[in-house]
Amino acid sequence: MSDEKKPKRQRKPPTKKVPMPEQDPMERIHNFNEVALGYTVELAVAEAEKCLQCRNPRCVSGCPVEVPIKDFIALIREGDFMGAAAKIKETNSLPAICGRVCPQETQCEAKCIYGIRNEPIAIGRLERFVADYARERGEELPEIAPKNGLRVAIVGSGPAGLTCAGDLAKLGYEVTIFEAFHKPGGVLVYGIPEFRLPKEIVAKEVDYLERLGVEIKCNYVIGKIRTIDQLLNDDDYDAVFIGTGAGHPNFLRIPGMNLVDVYSANEFLTRVNLMKAYKFPEYDTPVRVGRRVAVIGGGNVAMDAARTALRLGAEEVFIVYRRSREEMPARVEEVDHAEEEGIKFQLLTNPVEVLGDEKGNVIGMTCVRMKLGEPDESGRRRPIPIPNSEFVIDCDTVIVAIGNSPNPIVPSTTPGLETTKWGTIVIDEETGMTSREGVFAGGDIVTGAATVISAMGAGKRAARGIHEYLTKKRNKQ
Amino acid sequence: MYKIVRKKVLNPVVKLMEVSAPDVANVCQPGQFIMIRVNETGERFPLTVADFDREKGTVTIVFQEVGKSTRLLGTLNEGDYILDFTGPLGRPTHIEKYGTVCVVGGGCGTAIAYPVARAFKEAGNYVITINGARTMDLLIYRKEMQEISDEFYETTDDGSCGVHGFVTTVLGDLIQKGRKIDLVFAVGPAIMMKFVAKTTEPSGIKTIVSLNSIMVDGTGMCGACRVTVGGQMKFACVDGPEFDGHQVDFNELMGRLNAYREQEQVALELWEKEHGGGK
Ligand SMILES: Cc1cc2nc3c(=O)[nH]c(=O)nc-3n(C[C@H](O)[C@H](O)[C@H](O)COP(=O)(O)OP(=O)(O)OC[C@H]3O[C@@H](n4cnc5c(N)ncnc54)[C@H](O)[C@@H]3O)c2cc1C
């Protein structure tokens, strides 16, 4: 062994992602305009230049729909942004949406090799950039197979339904989407706020589907106006896809849940996003938000509700979450944005009662402090209440964002459709087919509340499953 | 878009519209409701099915002009279109032969009580109806109700027509006299339903009420319509709108119905300013 030390190799300090311009926090809390402003051409190319173009890229395996990430980034480096957009669209029909709302930090970017020493390549921001670039310049329709004379009904127009519809239309199917609401888009229009996902982008995607020949029937609550069996037997659909999501809000089993100023996040966000209550009285739907708002939960829904309350004029907004920051299921960017905007985090805190006055108005919320114990089935450490640690949060509005369950309307009106004890629909993972022949399902109605991209992936798989099923059936005849 | 094929003014504040919606008309049942949005800036609000014609493909709604949205709807005429008309939602009324059924309708609620009373009659029940309003001008469906009833009563708060008093005055009387009633069905203002339930409670007569909660979607998605029934949280839109009146927490319901009082006032005043006092 030599005493001589080798001259230390000069390592560059770890790099960070090229920052994306954003609205200033103090300004944006007064408006509903988009927070993140997106890369310019220069910023996008600079970020893309950093990509290692790995021979065996890992990022793709982190993407539920396997976007050819390496290839689209290479096209950005060449300045072929339209080509890059087309590349993404080969596997992801909603890139402008995914670029904005996917939890990249646990998916593609988590696998990025460049990210081992540095911040990973900003794949989400690049995806968003090319999708916006292409949308603004007008995209051409892809090739559509000649009509094959087969008809498919899609129930629900969230990301699962939209994706399934798009893929089938391209294969030549006659596709009808039935949507319960008056506007298509599912959570993308009623849940996720304008400042995170402008509704115009969702409308463009829906418009694209219509140009592909997909028919959209709004105000159709399947299970009420028409059953799945009627669609198959009386209305001549050859197959049905159920993508009705997990839209049924959960409440806590504590006193005070029905007080006047207690909202489900679904109600609060639907009033504001779908019904445009933030423009009241120009729009007729009102929303009430007090001075001090407590939002219960730690997911994206909770962050959206909290930041929406702030924008509607609340003076102080608290996130009340029973575990610690590490366990929060929200996207990191949303938590950071919420914090920058001044949302206060009451972590390791669990509500035990919402307090009301004689008129039913909320006057506070009693909570108990928690500590983390052993990991539970989900692998997260189980929160346990600390005895005698009760305290009261002074608030006048409570928003409950502790998760949503599957909507039971379709399962309860479809005999023979197998469901789990949580009310989710059981499917064959490969084909997406349910226990009923010719009936497929995917998205939150199968997995329980999950993500946009996983719903899209499920819609894609089901489209493939439907195509195989109907092709086989036809060949037999 | 759903075309209004017939409009009728029932009284100064209540209007009837027959709306073309063949797929809804095809399947709707008494007791179910429709979510309506009049125009692009409109809010979604529920109206119970007042009647339907499967052959013509129409659904009839009857509404009282209370706030901006119902006023706006009231300005539409035959040949005009309602933007969104979603239904049928909620569970239908459970109709069977009970024996004697007393159907109570208050104000505009009578329009909803009517098809229910008719269905009870068709199922072979002896039907007593009580039709109440503040004053004679506000009584609706008088002839229709009478025609399908075995016994028919009217009440007005001011005594301008029928019995001077409330629907509960007549109902209480019937019970007092020892009339055997097997079921009471009541629909109208929350306060009326509360007192109907109070009136029947001592004698344990099964009492069904049809709740008019605030709703945003009407499909179980928002929970705005949640109500405590028998100590449990229920959603009026999917678990109801009809519940056992003796189990409903009416005080909570009325509190929640008033949630948007102030905003409703703002919207209404603005509307009146823009439309020169409405009408
Ligand atoms: C506030 C909020 C924020 C979120 N943020 C993110 C995020 O940042 N990133 C992310 O990846 N995920 C996020 N999610 C989760 C994501 O939006 C969902 O996982 C995804 O939308 C599920 O898609 P889906 O197609 O299965 O169902 P949905 O989007 O729920 O769509 C279902 C559709 O079916 C309709 N429907 C229901 N019943 C019927 C019926 N009987 N007949 C006809 N139509 C019916 C509904 O009206 C709805 O339009 C968020 C969710 C919420 C609520």
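User: Starting point for me: buried means under 20% relative accessible area, exposed over 50%, and partly exposed in between (1.4 Å probe, protein chains only). With that, is Arg196(A) buried or exposed?

Analyst: Arg196(A) is buried, at a relative accessible area of 7%. Some ground rules: this is a predicted model, where local features need pLDDT of at least 70 and side-chain atom pairs count only at pLDDT 80 or more, while totals for chains, interfaces and linings use all residues. Residues are numbered from 1 along each chain as its sequence is written, chains are lettered from A and ligands numbered from 1 in the order in which they are written, and side-chain values use heavy atoms, with hydrogens and water left out.

User: Fine. Which side chain does Arg196(A) meet in a salt bridge?

Analyst: Glu334(A), with N to O at 3.3 Å; a salt bridge here is a side-chain nitrogen of Lys or Arg within 4 Å of a carboxyl oxygen of Asp or Glu. Glu334(A) counts as buried too, at 2% relative accessibility.

User: And what does Arg28(A) pair with?

Analyst: Arg28(A) forms a salt bridge with Glu340(A), 2.8 Å from N to O. Arg28(A) sits in helix 1 (residues 25-28) of chain A and Glu340(A) in helix 14 (residues 332-340) of chain A, so the pair ties together parts that are 312 residues apart in sequence. Helices (H or I, at least four residues) and strands (E, at least two) are DSSP runs, numbered from the N terminus.

User: How accessible is Arg28(A)? And Glu340(A)?

Analyst: Arg28(A) is buried at 0% relative accessible area, whereas Glu340(A) is partly exposed at 36%.

User: Which residues are linked in a network of salt bridges?

Analyst: The network includes Arg28(A), Arg196(A), Glu334(A) and Glu340(A), and also Asp304(A), Arg307(A) and Arg311(A) among others. Over all chains, the structure holds 46 salt bridges.

User: Switching topic: how many residues does the contact take from chain A and chain B?

Analyst: 40 residues from chain A and 46 from chain B, with contact meaning heavy atoms within 4.5 Å. The two chains bury about 3,500 Å² between them, 56% of it on carbon and sulfur atoms. That buried area is the accessible area (1.4 Å probe) that two parts lose on being put together, summed over both.

User: How many salt bridges are there across the interface of chain A and chain B?

Analyst: The rule finds two. In one salt bridge, Lys183(A) pairs with Glu40(B), the closest N and O atoms being 3.8 Å apart. There are also 21 residue pairs in polar contact across the interface of chain A and chain B, both residues at pLDDT 80 or more. A polar contact is a pair of N or O atoms within 3.5 Å; within protein, one must be able to donate a hydrogen and the other to accept it, and residues adjacent in sequence count only if both atoms are side-chain atoms.

User: What about inside chain B: what are its domains?

Analyst: Chain B is divided into domain 1 (2-89) and domain 2 (100-257), bounds that come from an automatic or database domain assignment. The C-alpha centres of the two domains of chain B lie 21 Å apart. In chain B, 20 residues of domain 1 are in contact with 21 residues of domain 2, and the area buried between these domains is about 1,600 Å², 63% of it from carbon and sulfur atoms.

User: How many salt bridges between domain 1 and domain 2 of chain B?

Analyst: The count is one. Across that domain interface of chain B there are four residue pairs in polar contact, both at pLDDT 80 or more.

User: Last one: why is helix 8 of chain B largely enclosed?

Analyst: Six of the eight residues of helix 8 (residues 250-257) of chain B are buried, so the rest of the structure largely encloses this helix. Among them are Phe250(B), Leu253(B) and Met254(B). The buried residues of helix 8 of chain B pack against strand 6 of chain A, and also helix 6 (190-200), strand 13 (206-210) and strand 14 (226-229) of chain B. At the start of helix 8 of chain B, a side-chain oxygen of Asp249(B) comes within 3.3 Å of the backbone nitrogen of Asn251(B).
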